[in-house]
Amino acid sequence: MSVEVVPGARLRVQRFGPSTAAPVLFIHAFPLSGEMWRECVRFLAGSVQAIVPDLRGLGQSVTPGAMLVGTSMSTHASDMAGVLAACGVPRVIVCGSSMGGMIAMEMSRLYPQRVAGLILCDTRATPETDEGKVTRESRATLAETQGANAVAELMIGNVLAKSASPALRAEVLAMMNASDVAGVAAASRALASRPDARPHLASVKVPVLAVCGAEDAGTTPDDMRAMAAGIPGAKFEVIAGAGHLPPLERPEAFAKVVGAWLAGVG
């Protein structure tokens, strides 16, 4: 289905699973799409009502370039609230990977009535560093001048575990290449301007699961463990054999961890 979150901005939204199951909103990483959750959702079939959007400017969502300028984490959080409204789902567990996790945290801050719990995968609560802001702008400019494929080739070596198969590498590259150039640039700049979520997380009262790939060299297990320690009652899990994208690299293992946690929180 296609959801118009604001006039002119339409997001592709896929829905899977029975309407009677616990609703979970799956928010993808940069610069991917909702397709990154496909296998994970298959392993969770029957146990969740999955709502899987493509973010503004990414995947198969359609947004005019002028509406991408100034996109922020709060923009994406507002879009996600619009998706839930269109789906008729008042409250969900929000599961976000990397950039998706940052959006999940922003949703929890701006729309607490919408968030019943958080699953934060290979993500950060800290604001971007000065060095990181330079890198984000460089990637935005690279997308604008050389295309999304140039950004994909630059990133691919850092997001997957060393054991990743050539087939998985090709799948991730294709997913990255499918996004609109302006959308990739806008998302990179949104990452650069992300807020410091740590003060908010310290007061979160809903259940939280933090998950990290054992071989994630960018957002390391130690980073995620420290973030989880700052969230009251948060549970922390590591996925063996995965890098920055456990839902893609080890979907069955990731789904088992998520499924067990969901069963525990009721």
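Modeller: A helix axis is a line fitted to the C-alpha atoms over the stretch in contact, and the angle between two axes runs from 0 to 180 degrees between their N-to-C directions. The model under discussion is predicted.

Biologist: How are two packed helices described in general?

Modeller: Two packed helices are described by the angle between their axes and by the distance between those axes.

Biologist: At what angle do the axes of α2 and α3 cross?

Modeller: The axes of α2 and helix α3 (residues 99-110) cross at roughly 75° and come within 8 Å. The two helices are therefore roughly perpendicular to each other, because angles of 65 to 115 degrees are counted that way. On the α2 side the contact is made by Met73, Ser74, His76, Ala77, Met80, Ala81 and Leu84, and α3 contributes Met99, Met102, Ile103, Glu106, Met107 and Leu110. Classified by residue type, the contact of α2 with α3 holds ten nonpolar, two polar and one charged residues.

Biologist: Is His76 buried or exposed?

Modeller: His76, a residue of helix α2 (residues 73-87), has a relative accessible area of 0% and is therefore buried. Leaving aside residues up to four places away in sequence, His76 touches Leu55, Arg56, Thr71, Met99 and Ile103.

Biologist: How are α4 and α5 oriented to each other?

Modeller: The axes of helix α4 (residues 130-146) and helix α5 (residues 148-159) come within 6 Å and cross at roughly 135°. The pair α4 and α5 is therefore oblique; roughly antiparallel would require an angle over 145 degrees. Arg139, Leu142, Ala143 and Gln146 of α4 meet Ala148, Asn149, Ala150, Val151, Leu154 and Met155 of α5. The residues of this contact comprise seven nonpolar, two polar and one charged.

Biologist: Which residues of α11 are buried?

Modeller: The buried residues of α11 are Pro251, Phe254, Ala255, Val257, Val258, Trp261 and Leu262. They lie on the same side of α11 because they cover an arc of only 160° around the axis. Lys256, Ala260, Ala263 and Gly264 are exposed on the other side of α11.

Biologist: How does α6 read in these terms?

Modeller: Helix α6 has twelve residues and reaches 16 Å from its first C-alpha to its last, close to the 16 Å expected at 1.5 Å a residue. In α6 the residues Leu168, Val172, Leu173, Met175 and Met176 are buried. Viewed down the axis, the buried residues of α6 fall within an arc of 160°, so they line one face of the helix. Pro166 and Ala167 are exposed on the other side of α6. The buried residues of α6 pack against α5 and α10 (246-249).

Biologist: Why does Leu168 count as buried?

Modeller: Leu168 counts as buried because its relative accessibility is 12%, and the cut-off for buried is under 20%. Leu168 lies in helix α6 (residues 166-177). Not counting residues up to four places away in sequence, Leu168 touches Leu160, Leu248 and Glu249.

Biologist: How far apart are Leu168 and Ser108?

Modeller: Leu168 and Ser108 are separated by 60 residues in sequence and by 32 Å in space, C-alpha to C-alpha.

Notes: Residues are numbered from 1 along each chain as its sequence is written. This is a predicted model: local features need pLDDT of at least 70, side-chain atom pairs count only at pLDDT 80 or more; totals for chains, interfaces and linings use all residues. Side-chain values use heavy atoms; hydrogens and water are left out. Buried means under 20% relative accessible area, exposed over 50%, partly exposed in between (1.4 Å probe, protein chains only). Helices (H or I, at least four residues) and strands (E, at least two) are DSSP runs, numbered from the N terminus. The arc is that of the directions from the helix axis to the C-beta atoms. Angles under 35 degrees count as roughly parallel, over 145 as roughly antiparallel, 65 to 115 as roughly perpendicular and the rest as oblique. Contact means heavy atoms within 4.5 Å. Ala, Val, Leu, Ile, Met, Phe, Trp, Tyr, Cys and Pro count as nonpolar, Asp, Glu, Lys and Arg as charged, and the others, Gly among them, as polar. The expected span of a helix is 1.5 Å times one less than its number of residues.
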